[in-house]
Amino acid sequence: MHQFPVLPSLIAVSVLLMVTPVIGYRPWPHLKPNSSDLTLGSSKKFEGSSEFVQMRYHMGPVLTANITVHIVWYGRWKKSQKKIIREFINSISAVDAKHPSVAGWWKTVQLYTDQTGANISHTVHLGEEKNDRFYSHGKKLTRLSIQSVIKSAVTASTKPLPINPSSGLFLLLTSDDVYVQDFCGQVCGFHYFTFPSIVGYTLPYAWVGNSAKLCPGVCAYPFAVPKYMTGFKPLKSPNGDVGVDGMISVIGHEIAELATNPLVNAWYAGQDPVAPVEIADLCEGIYGTGGGGSYTGQLLNDKDGVTFNMNGIRRRYLVQWVWNHILNYCTGPNALDQ
């Protein structure tokens with residue numbers, strides 16, 4: 001079992017507040033119409049590109065034990081929305097899904113190892129869930145108050161979420177009427193770890209928000225498109241819920257990075273752990289072969305016109321690719337989905 005190091009509280013709080021999000025391609029509000037960014041993206045990252053990218057291991061722990069994802073549903077959620085997300089998480093380890101599959105996509109994440117050479121776990125499954133439907137910390141959350149929400153979930157007097165820092169992840173999902181610090185302008189989700197001074201434990205967690213009402217053209221892209229991107233038509237979402245279908249790719253992004261860099265001291269590119277470039281950051285906006293800039297890459301369509309790039313157990317999803325540090329470029333499920 002890995003013993004997770006604990007940062008001094010004041011230093012940890014400072015790092016969290018100073019974190020600068022890594023921006024790959026999304027139609028962020030600061031992009032100007034007719035800018036080359038609309039074509040190439042501010043990151044200028046392309047599928048197959050290895051220029052200047054050195055993904056390195058910094059000797060920290062990764063998640064090699066079976067991974068359990070505990071969910072906190074913050075705000076009001078429909079049963080149908082929860083089902084889409086639950087089935088995506090359960091699809092990560094599904095062996096019987098049609099190719100290309102979510103499980104095939106996860107095989108790239110599994111290539112990453114710890115100091116002993118042990119790989120990221122194949123097994124990812126849904127754990128316990130907690131509903132916070134009455135907005136216990138309000139409808140406007142900061143990065144620090146998100147940790148307080150998690151504290152409430154793990155210390156609840158009835159059915160608290162279990163604590164297992166070596167293999168348990170906490171996924172805080174906020175409904176479409178909740179605003180989180182930097183949401184829509186800089187981030188659609190993020191991951192970090194909780195501070196003992198707030199929660200009592202050091203626990204890897206991620207937050208992802210439903211952007212359906214606040215900024216679907218940014219965080220649910222390409223199922224919604226901002227008004228300034230004239231000539232671009234939104235794609236039809238695979239599960240009929242633009243906000244939640246947009247969340248799926250962000251959830252995949254954050255779980256992949258939590259597995260490979262849970263304490264921000266394992267796998268990342270660059271020299272700055274305060275703003276690490278992680279395995280999903282390098283492939284932001286890339287969903288298929290040829291992807292780069294505002295072009296998502298080659299995608300799949302069914303007879304009803306919905307767009308997806310991988311299959312789950314019973315559903316289809318659009319999930320961004322992740323960085324393959326062996327091949328040194330972004331790969332999706334087709335690369336290893338055999």
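**A look into the core**

Modeller: The largest nonpolar core has 85 residues, and Ile85, Trp106 and Leu173 are the ones with the most contacts inside it. Helix H7, residues 242-260, gives this core its largest share, 9 residues. Keep in mind that this is a predicted model.

Let's take Ile85 next. Setting aside neighbours within four places in sequence, Ile85 is in contact with Ile71, Trp73, Trp77, Leu173, Val244, Met247, Ile248 and Ile251. Leu173, one of those partners, is also among the residues with the most contacts inside the core.

Now zoom out to the helices. H3 covers residues 79-91, and it packs against H7 at an angle of about 30 degrees, with the two axes 10 Å apart. The crossing of this pair is right-handed. On the H3 side you'll find Gln81, Ile84, Ile85, Phe88 and Ile89, and they meet Val244, Met247, Ile248, Ile251, Gly252 and Ile255 in H7. Sort the residues of that contact by type and you get 9 nonpolar, 2 polar and no charged.

H7 has another partner to look at, helix H4. The axes of H4 and H7 come within 10 Å and cross at roughly 30 degrees. The two helices therefore count as roughly parallel, since angles under 35 degrees fall in that class. Their crossing is right-handed. H4 brings Trp105, Trp106 and Val109 to the contact, while H7 brings Gly252, Ile255, Ala256, Ala259 and Thr260. By type, the residues here split into 6 nonpolar, 2 polar and no charged. Notice that Gly252 and Ile255 of H7 turn up in the contact with H3 and in the contact with H4.

H4 itself, residues 102-110, is mostly covered, with 8 of its 9 residues buried. Among them are Trp105, Trp106 and Val109, the H4 residues that touch H7. The buried set also includes Val102, Ala103, Gly104, Thr108 and Gln110.

One more stop, over in strand E2. His70 sits in this strand, which runs over residues 67-74. His70 has a relative accessible area of 5%, so it counts as buried, the cut-off being under 20%. Beyond neighbours within four places in sequence, its contacts are Gly127, Glu128, Leu161, Pro162, Leu169, Phe170 and Leu171.

Note on methods: Residues are numbered from 1 along each chain as its sequence is written. This is a predicted model: local features need pLDDT of at least 70, side-chain atom pairs count only at pLDDT 80 or more; totals for chains, interfaces and linings use all residues. Side-chain values use heavy atoms; hydrogens and water are left out. Helices (H or I, at least four residues) and strands (E, at least two) are DSSP runs, numbered from the N terminus. Buried means under 20% relative accessible area, exposed over 50%, partly exposed in between (1.4 Å probe, protein chains only). Contact means heavy atoms within 4.5 Å. A nonpolar core is a set of buried Ala, Val, Leu, Ile, Met, Phe, Trp, Tyr and Cys residues joined through side-chain atoms within 4.5 Å. Axes are lines fitted to C-alpha atoms, for helices over the stretch in contact, and angles run from 0 to 180 degrees between N-to-C directions. A crossing is left-handed if the near helix is turned anticlockwise from the far one by less than a right angle, and right-handed if clockwise. Ala, Val, Leu, Ile, Met, Phe, Trp, Tyr, Cys and Pro count as nonpolar, Asp, Glu, Lys and Arg as charged, and the others, Gly among them, as polar. Angles under 35 degrees count as roughly parallel, over 145 as roughly antiparallel, 65 to 115 as roughly perpendicular and the rest as oblique.
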